[in-house]
Each structure stands twice: as structure tokens, then as C-alpha cells.
Amino acid sequence: MINCRESALRLIAVKDRTEKEIRTRRVEKGYDVEEIEAELEFLKEYNYIDDLRYSTHFANDCVNIKKWGKARIKMELIKKGIDREMAEN
């Protein structure tokens, strides 16, 4: 069986994810909450996940490729679990 860390690393190997996305996916898979939090700390410590970096890349892609406006980008970031203040910036 794949452990929580291996599973999280596989998720981010495919594409960048927010902390909330990883937490939600791990809970859905039935991993222990304490184990999930420990793995999220590991991922943040080694910069495998970074919500600010994710937000910046997401916003740039949405502006340049999808031609979205600020309000829609902000809404989508908040849905993905990005802090409201970070999404506004």
C-alpha cells in the first residue's frame, strides 16, 4: 500500500496543487489526519507545495491564456483553498 507521503508526492508530480487540494484528496483516501498534517509540513518545508507560488502561476495563466478578469481569478483561487488576502494580491 502506498503511504501518505508517496501518494502526495505523486499528486504534485502531475501538477502543482494547493495545500487544501492535497489535504482534501488525502482525507478522501482515508489517511489519518495527523499523518496528513505531518506530510503537508514536509511538503511545505521542502517547497514541494507553496500556495503563493501556485497562486501566481495560476493567475498568470488565467490572464494570459484564458483571458479571465481579476474577479474570476480571485473566486477560483478561493475555491482552490487559497487565503482570501493572498487571492486578492
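Reader: Which side chains meet in a salt bridge at 3.2 Å, N to O?

Author: First, a word of caution: this is a predicted model. The general idea is a side-chain nitrogen of Lys or Arg within 4 Å of a carboxyl oxygen of Asp or Glu. Here the side chains of E88 and K74 meet that way, at 3.2 Å from N to O. E88 sits in helix α6 (residues 84–88) and K74 in helix α5 (residues 70–79), so the bridge ties together parts 14 residues apart in sequence.

Reader: How do I read the accessibility of E88, and what does E88 count as?

Author: Use the cut-offs: buried is under 20% relative accessible area, exposed is over 50%, and partly exposed is in between. E88 has 51% relative accessibility, so E88 counts as exposed. K74 has 27%, so K74 counts as partly exposed.

Reader: How many salt bridges does the structure hold?

Author: Nine. Shared partners join E19, R23, E37, E41 and K44 into one network.

Reader: What about the bridge between E19 and K44: how far apart are the closest N and O atoms?

Author: For E19 and K44 the closest N and O atoms are 3.4 Å apart. This pair links distant parts of the chain: E19 in helix α2 and K44 in helix α3, 25 residues apart. K44 is at 30% relative accessibility, so K44 counts as partly exposed.

Reader: Now helix packing. At what angle do α2 and α3 pack, and how far apart are their axes?

Author: Read the angle and the axis distance together. Helix α2 (residues 19–28) and helix α3 (residues 33–45) pack at about 150°, with axes 10 Å apart.

Reader: Which residues of α2 and α3 meet?

Author: From α2 come E19, I22, R23, R26 and V27; from α3 come I36, E37, L40, L43 and K44. Sorted by class, the contact of α2 with α3 has five nonpolar, five charged and no polar residues.

Reader: On to burial along a helix. Which residues of α4 are buried?

Author: In helix α4 (residues 51–66), the buried residues are D51, Y54, S55, F58 and C62. Next, check where they point. They cover an arc of only 100° around the axis, which puts them on the same side of α4. Last, ask what they face. The buried residues of α4 pack against α2, α5 and α6.

Reader: One more case. Is E76 buried or exposed?

Author: E76 is at 14% relative accessibility, so E76 counts as buried. E76 is found in helix α5. To see its surroundings, set aside residues up to four places away in sequence: E76 then touches F58 and W68. F58 is one of the buried residues of α4.

Conventions. Residues numbered from 1 in each chain as written. Predicted model: local features only at pLDDT ≥ 70, side-chain atom pairs only at ≥ 80, totals over all residues. Heavy atoms only, no water. Axes fitted to C-alpha atoms, helices over the stretch in contact; angles between N-to-C directions. Helix = DSSP H or I, 4+ residues; strand = E, 2+ residues; numbered from the N terminus. Contact = heavy atoms within 4.5 Å. Nonpolar A, V, L, I, M, F, W, Y, C, P; charged D, E, K, R; others polar. Buried < 20%, exposed > 50% of the residue type's maximum accessible area, 1.4 Å probe, protein only. Arc of directions from axis to C-beta.
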